[in-house]
Amino acid sequence: MIRYSDDGTRRILNFPAIVPCESISLSTLLPSLISFGVGISGFKSKTHFTNKRNFRNSIRLVEALVVFLQEIHVVDSRFGGSLILCLSELHVIFQKLRFLLEDCTRVDTRLWMLMKSEDVSTHIRFLMRGISASLDVIPFSGLDVDDEAKEVVGFVRKQTMEIDFEVEEEDERIRCKVISILDKFEAGISPKSSDLKRVFRYLGIRSWIDCHLQFKFLHSESGEVSSSSDKRGFRFLRSLMALMIYSRCTLFAAVDNVGNYASQQSDESETLTLRMISTLNPDDFRCPISLEIMTDPVVLSSGHTYERSSILQWFEAGNFTCPKTGKMLPDLKLVQNQALKRLIKLYCLNNHLVFREPGQRRETWNSIIGENSLAAENAIQLVSSFLVSRLAAGTMEDKVNAAREIHLLTKTSIFNRTCFVEAGAIPPLLCLLCSPVPDMQQYAISCIRNLSKYSKTKTIMVEYGGLEIIVKTLNEGSTMKVRQLAACALFYHASVKDNRRIIASIPSAIPGILNLLRDGPDRARKQTLVMIFILLLHPENHHKMLRAGLVPLVIHTLKSSRKEDLTADCLAVLANLGEKPDGASAIFEYGALPLILQIFRTSNSKAGREYCASLLLSLSINNGDVVPVLVENPPSLMASLYSVVADGSPWARKKASSLIGMLHSYSEDG
């Protein structure tokens, strides 16, 4: 039996049909062809939103042809070759028709199939003409079929040639309506909601998730087109994406729950999966190394799963152990965890998160609105004004929905952030941080975190006293997630030199940051350590951090850490503190030196070893009790230092060389 397979990598409206080999037997080819015909007949029960009549006619003709195929019996073997040639052509046509039917009945391609309705009708017409040509050469004289079967073939041949399979009038009217809506966007005019509703009613787009699915497909298709020279097609796709964003925000305010989305799925297991992922801990989807949600999870021979790029970096660094167990791996074979990847995709879709396939670029200004896509640009600006007005004057439900949309639209797009800041989103978002509604606070701080990446936001935030409000959220946030987002927002604002002083001068800022370092999960602690490092770049903050108890807390984090990147961040903070005498004394007095030496000897992290060398040098310069301890250490310390000199970055080589010189001078003087 010839197998049909679609692994999900096929581009839309591309039909990679497999031609049966020349040596195939009739006993293999005929049942496979009938099976394809029956499969095509199954699409009769599915909903077709465009090219309805064309698909109805093509399916009807294939059904009639299947009746003939089931009656075929060869009585003269001399005609077997001619029959196989004819059926092979039909086999290829049936494959292509099935691909086309699959594309046009997908829930996420309805808008695109409308815009490509002329291409689709052309494909159908070409395939039907191909069926007619194949039937012309059927060797009836060598077959045992009755006159009725021959009449069926004659009927199919006649119909495939006489039916025009042109674009249907209503499809064309609705397609033109979409074009007129895009023209309004180009002119900076909001389209009538009645026009949008007419289009979506025709396409069966009735909910937020329906709209979002169209957007996700258009986004993936634009990624394919962007690598080609079809700039016009790329801009058109981006305009359609902006249309779906505008409609999603203005027509479908309420997000559908899991059950509403699941009810659209024909597969019951899909429904069960969606309900199941709502009970899972999203941390289970994070790579133990990078702490980011995985997009290409792979399983090691130890049974543990990691992001492919992260574990490959681990191996390239000379590590041949499982990062979680520490045990040597019998082999470095990686097996893709398809089941987990599917769950992560569904989780991202259900929670309106971006899932990037491996190698897919992050979105930038151009990747959101496209090159010179005026319609897309204006649509996003109209959406920005609409949602900000909802934030300022809508009901609480309106505000929650608006904040959710702003959160989604500003996660990765520089242009979108610009639009929302210019539309005045910051003041109402700051007000909503104090909301008693749990979802409202999380969406508001998430929006502020995203918008804080835009340079102008930093000035506006200071003008409106936003840093104090974010610090209050850091300390009093309703959930750990909210506190993490507040810390992340502060991190972006700390990139401005003056803000480092302002943030640290807020009385509850440093205690709140240290509390998050103590109580937060690993991912939050890593982000907090980076923010502490940045705050320490302002000289006034050094003593404030020491008085708040930073050193013992970082040492405790260092002792409990099992992750190389978290360890490296702890060492980076200690190295910064150790550059001043009081910091070096505190690190030494809290007994960190043996721990630092142990990490230096055993760490597989290049960054960790480099920070160890830097920290040991700072301690040796600023605390006279350190050098004798180092000199008394076994030769492994010198071996570690020389490895940094040989393989480290320029600044680390310089630090390690200086420490080696100090230790040699001390030994010679002693």
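The legends below describe close-up views of a predicted model.

**Figure 1. Overall composition of the predicted model.** The protein has 35 helices and three strands. Of its 670 residues, buried residues make up 52%. Among contacts with a separation of 6 or more, 73% are accounted for by residues 24 or more positions apart.

**Figure 2. The largest nonpolar core and the surroundings of Phe 94.** This core contains 187 residues, and Phe 68, Phe 94, Leu 111, Leu 243 and Leu 550 are those that touch the most other members. Helix α3 (residues 80–105) provides the largest share of the core, with twelve residues. When neighbours within four places in sequence are left aside, Phe 94 is in contact with Leu 33, Phe 36, Gly 37, Ile 40, Val 62, Leu 65, Leu 69 and Ile 131. A second core of 16 residues is separate, and its members include Cys 287, Ile 311, Phe 315 and Leu 343.

Figure 3. The strands form an open sheet in the order β2-β1-β3, and their pairing is antiparallel. Strands β2 (305–307) and β3 (335–336) are the edge strands, each pairing on one side only. Strand β1 (residues 297–299) and β3 run antiparallel and are joined by two bridges. Val 298 stands opposite Gln 336, a residue of β3. Helix α13 (residues 308–316) packs on the sheet and touches β1, β2 and β3. The direction of α13 makes about 95 degrees with that of β2.

**Figure 4. The buried side of helix α22.** In α22 (residues 466–476), the buried residues are Gly 466, Leu 467, Ile 470, Val 471, Thr 473 and Leu 474. These residues lie on the same side of α22, because they cover an arc of only 155 degrees around the axis. In an α-helix with 3.6 residues a turn, residues three or four places apart point the same way. The elements that cover the buried residues of α22 include α19 (426–432), α20 (438–451) and α21 (455–463). Helices α23 (480–493), α24 (497–505) and α25 (509–519) are also included in this cover.

**Figure 5. Packing around helix α31.** Leu 593, Leu 595, Ile 596, Leu 597, Ile 599 and Phe 600 are buried in α31 (residues 593–602). The buried residues of α31 pack against α28 (550–560), α29 and α30 (581–589). They also pack against α32 (606–622), α33 (626–631) and α34 (636–647).

**Figure 6. The salt bridge between Glu 221 and Arg 11.** The structure holds 21 salt bridges. Side chains of opposite charge can pair when their charged atoms come close. In the bridge between Glu 221 and Arg 11, the closest N and O atoms are 2.6 Å apart. Glu 221 belongs to helix α9 (residues 208–226) and Arg 11 to the segment before α1 (26–41), so the pair ties together parts that are 210 residues apart in sequence. Glu 221 counts as buried because its relative accessibility is 6%, below the 20% limit. Arg 11, at 31% relative accessibility, counts as partly exposed.

**Figure 7. Further salt bridges.** Arg 106 forms a salt bridge with Asp 108, and their closest N and O atoms are 2.8 Å apart. Arg 106 is partly exposed, with a relative accessible area of 33%, whereas Asp 108 is buried, with a relative accessible area of 15%. A further salt bridge joins Asp 565 to Lys 526, with the closest N and O atoms 4.0 Å apart. Asp 565 lies in helix α29 (residues 564–577) and Lys 526 in helix α26 (residues 522–535), so this pair ties together parts that are 39 residues apart in sequence. Lys 526 is partly exposed, its relative accessible area being 24%. Elsewhere, Glu 170, Arg 173 and Arg 198 are linked in a network of salt bridges.

**Figure 8. Asp 283 and Pro 521.** Asp 283 is found in the loop between α12 (268–277) and β1. With 44% relative accessibility, Asp 283 counts as partly exposed. Asp 283 and Pro 521 are 238 residues apart along the chain, and their C-alpha atoms are separated by 9.8 Å.

Note on methods. Residues numbered from 1 in each chain as written. Predicted model: local features only at pLDDT ≥ 70, side-chain atom pairs only at ≥ 80, totals over all residues. Heavy atoms only, no water. Buried < 20%, exposed > 50% of the residue type's maximum accessible area, 1.4 Å probe, protein only. Helix = DSSP H or I, 4+ residues; strand = E, 2+ residues; numbered from the N terminus. Arc of directions from axis to C-beta. Contact = heavy atoms within 4.5 Å. Core = buried A, V, L, I, M, F, W, Y, C linked by side-chain atoms within 4.5 Å. Salt bridge = Lys/Arg side-chain N within 4 Å of Asp/Glu carboxyl O. Pairing = 2+ DSSP bridges. Axes fitted to C-alpha atoms, helices over the stretch in contact; angles between N-to-C directions.
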